Amino acid sequence: MRIALFETEIAGNVGAVLRLGACMGAAVDLIEPMGFAWDDRRVRRTAMDYIDHVEIARHAGFDAFRATIGSSRLILFTTKATQSAYDFGFLPDDILLFGKESAGVPARIVARRIMEYRHRNLLSSCFDRH
C-alpha cells in the first residue's frame, strides 16, 4: 500500500504522514507543487527519525505520478464520497490519495474515475471506537 499526497500545503502534515508510512511499511508519494520548500525543517521535525525509514517519491505533477502507478488502484479519500472506507475491501497494492488541505483534489483529476471514499467517515469512526 502507498499513500499519495496531492499538492500538500502543510509541512507538518507531510511529516506526520511520513511517520505513518514508516510505521506501516507504506511508501509515500508527494505530488508537486507543494506549498513549502522540501527541505523545510518542519517536515524533518514532525517526521522525527522516521524520515530515514520510509520510501519517499516526489512527482512533478499528477500526470508524472499517474505514470508510475501501473495497475494499482488509486483510491481518493474525500468528503464528497458516499461510502465509508470501512465498507471497502482494500488490496495490498492500493494507493490512498489525499488532496490538498485547502481544496482537495481538483475535479479534472477526480473525473479520471478515481475511486472515492469518505475520509471524514474513516476518521470519525477511528476516534469513536474504544
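Strand 1, which covers residues 2-6, is largely enclosed by the rest of the structure, because four of its five residues are buried, and a residue counts as buried when its relative accessible area is under 20%. This description, like everything that follows, refers to a predicted model.

## The partners of strand 1

Strand 1 pairs with strand 2, made of residues 27-31, in the parallel sense, and the pairing runs over five bridges. Within this pairing, Ile3 stands opposite Val28 of strand 2. Strand 1 also pairs with strand 5, residues 95-98, again in the parallel sense, here over four bridges, and in this case Arg2 is the residue that stands opposite Ile95 of strand 5.

As a general point, the side chains of a regular strand alternate between the two faces of the sheet.

## The protein as a whole

The protein contains five helices and six strands, and, when the chain is read along the sequence, these elements follow the pattern β-α-β-α-β-α-β-β-α-β-α. Of its 130 residues, 39% count as buried.

Among the contacts between residues at least 6 apart in sequence, 74% join residues that are at least 24 apart.

Methods: Residues are numbered from 1 along each chain as its sequence is written. This is a predicted model: local features need pLDDT of at least 70, side-chain atom pairs count only at pLDDT 80 or more; totals for chains, interfaces and linings use all residues. Side-chain values use heavy atoms; hydrogens and water are left out. Buried means under 20% relative accessible area, exposed over 50%, partly exposed in between (1.4 Å probe, protein chains only). Helices (H or I, at least four residues) and strands (E, at least two) are DSSP runs, numbered from the N terminus. Two strands pair if DSSP finds at least two bridges between them. Contact means heavy atoms within 4.5 Å.
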